[in-house]
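The following note sets out points for a colleague who is examining the model. Please read the points alongside the sequence and the coordinates.

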Amino acid sequence: MAARTLYDKLWEMHVVRQEDDGTALLYIDRQLVHEVTSPQAFEGLRLAGRQPWRREAMLAVPDHNVPTLGRRDAGVEGIADPVSREQVATLDANCAEFKIVEFKMNDVRQGIVHVVGPEQGFTLPGMTIVCGDSHTSTHGAFGALAFGIGTSEVEHVMATQTLIQKKAKNMLVRVNGHVGPGVSAKDIILAIIGKIGTAGGTGYTIEFAGEAIEALSMEGRMTLCNMAIEAGARAGLVAVDEKTIEYVRGRPFAPKGEMFERAAAAWRELRSDPGAPFDRVVELNAADIVPQVTWGTSPEMVVPVTAVVPNPDQESDPVKANGMRKALAYMGLSANQPIESIAIDKVFIGSCTNSRIEDIRAAAAVIKGRKKAASVKLAMVVPGSGLVKKQAEEEGLDKIFMEAGFEWREPGCSMCLAMNADRLEPGERCASTSNRNFEGRQGQGGRTHLVSPAMAAAAAIAGHFVDVRHF
Amino acid sequence: MQAFTQHTGIVAPLDRPNVDTDAIIPKQYLKSIHRTGFGPHAFDDWRYLEPGEPGMDHSKRKKNPDFVLNQPPFDRATILLARENFGCGSSREHAVWALDQFGFRAVIAPSFADIFFNNSFKNGLLPIVLPSETVDRLFQAVTARPGLELTIDLESKTIRGLGDEVLTFDVDDFRRYCLLHGLDDIGLTLRHADEIRAYEARRKVEAPWLF
Ligand code: SF4
């Protein structure tokens, strides 16, 4: 048989029916559900008198709208904003009506959907996984084909357990060698996006490979695949290795005993064959990657912390130069300004990109024994799930943050997209570990700089961006 | 879903690359549990001068005179002309609902983000990919002649209105079929229910841990 990529294998494994026009009916093993993109899908089922095809293939959790302050015991009643409360209450009601497992607000397992899936072993290698959320690409870290879908497709999966899809092309991003100390998975993915652009992966599934990727922990691989969508690819992938298998072992939804060993044997095959053809190959040298900071309103507007803000006059493409000027005006920055001279107002450590235990440990390691700069109005840590929060507290990390003047919050999406009360005010500048620096993403008029957890922590202490390698 | 066969309308130029779904419909409107009511909030941050929240009387909000969709004749546009990577970012189908409910029937761009592209077809909004040079020419034509109308014909996959020139575009057969007839694809898929069950039966043997 011809050599196949990991993506080819995952795709072929899930084709129920191939159509002549190149589309296929693809079987979906798991669907994650949250409150924002599901109400209209449930309503559609109801209107058509349909039932979920396989209710146990779904797991629901509210995350986007939940407050991060106050106690969780009150559940939905604890949400002050009536519109948000109605949306979360609607998820509860829909899950009850259609008998779908839900981790409600007051459940310790509640958290950001892309943190919860892997943490519970609901995400397994070799699966197709979807969610009405573009960062579903995160789960590709497990050698699973995972991608975000719109609400009509959410309903389609609920009703049929399938999706009509067209196969994407194969891209390989190989990161050779090893990154230096202080350089994280976040810096690797930002450097990749800086190189190929936010549309560079459009129409492709990206497989990340090379020594630097193999060396990453599962948390790091999730950070990497999480932002595949920011490179334009619906899905990112990392081949399965022993780290993947050991991460999954023993998790609540994972297979047990002999069945686990049988599954693991199949999972070990989940890698691209030697010589498998890719439509595009991009290579990076890990040793060249330094901590990254975005300066604009698109994740591709990114430079090393040691660099200066780029100059639109030096951009030859007029459409791009125009976009850069708009971004500089919005961000309140000028060309050629050193990144390290940019002072910040707020710090956000959280989101499905960087809110796992390893991220929190990395930030805590920088902060330990230091204090947040007085000029920083708010520095907050929002763990990705109730279980991450509990683990961090058992390790005493919450104390490190609080002693440094940080706020230690309840889990949720929080200031990643500012649907709840956590947001930037117009003109405020934030060092954020999230994934999108779009205009208004963290609050209307807010200015977002994407960085790694260690870089965000260092910025909180210094009051401006600094190179965490020398901090 | 509303069918799309042929449409003639005014073209509005939105001259910036990477227009993301956060810009098309800001997050505060995503709290709605309904499928309608998004039209007044399309491009909310760019369209109005002061911040908007759900529940406000949007007819009273001050509009930004510099924003193209606030300028006649573009306020009556039904075809949006955009730059590369349109609809990038979040998977929110609310972005498509907002464009549709604003009155757009088609978006023309050199490239679209994949999820937005899929979502459009599910709602009768036709995303048309044209080469960058053609899109450039359309921008020039619309700027030279504001109010320019184009006629998009999905059956023949053509666009007319640029003098004698007939532009052609490509669409997958299945998607075109669904759009032309306004078909709900859940119903279509369920015609293959037996095949889905047969697949499941086979996978239960091959990979029982998935069930
Ligand atoms: S943390 Fe941010 S990016 Fe992730 S699911 Fe929540 S809102 Fe989306």
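A residue is called buried under 20% relative accessible area, exposed over 50% and partly exposed in between, using a 1.4 Å probe and protein chains only. This is a predicted model, in which local features need pLDDT of at least 70 and side-chain atom pairs count only at pLDDT 80 or more, while totals for chains, interfaces and linings use all residues; side-chain values use heavy atoms, without hydrogens and water. Residues are numbered from 1 along each chain as its sequence is written, with chains lettered from A and ligands numbered from 1 in the order in which they are written.

1. Backbone at A:K99. This residue has a positive phi of about 55° although it is not a glycine. A:K99 is exposed, with a relative accessible area of 62%, and belongs to the loop between α3 (82-98) and β5 (101-102) of chain A. Helices (H or I, at least four residues) and strands (E, at least two) are DSSP runs, numbered from the N terminus.

2. A:A418 is buried, at a relative accessible area of 3%, in the loop between β17 (407-408) and β18 (429-432) of chain A.

3. Cis peptide bond. B:P72 and B:P73 are joined by a cis peptide bond with omega of about 0°. B:P73 is in the loop between α2 (44-47) and β2 (79-81) of chain B. Most residues other than glycine have a negative phi, and most peptide bonds are trans.

4. Ligand shell. Residues around the ligand (a heavy atom within 4 Å) include A:H64, A:H114, A:D133, A:C352, A:C413 and A:R441. By class, the shell has five nonpolar, five polar and two charged residues. Ala, Val, Leu, Ile, Met, Phe, Trp, Tyr, Cys and Pro count as nonpolar, Asp, Glu, Lys and Arg as charged, and the others, Gly among them, as polar.

5. A:G384. Is this glycine buried or exposed? A:G384 is buried, with a relative accessible area of 0%, and is found in the loop between β16 (378-381) and α13 (386-394) of chain A. Beyond its neighbours within four places in sequence, A:G384 is in contact (heavy atoms within 4.5 Å) with A:G111, A:I112, A:V115, A:S355 and A:P411. A:G384 and A:A431 are 47 residues apart in sequence and, C-alpha to C-alpha, 18 Å apart in space.
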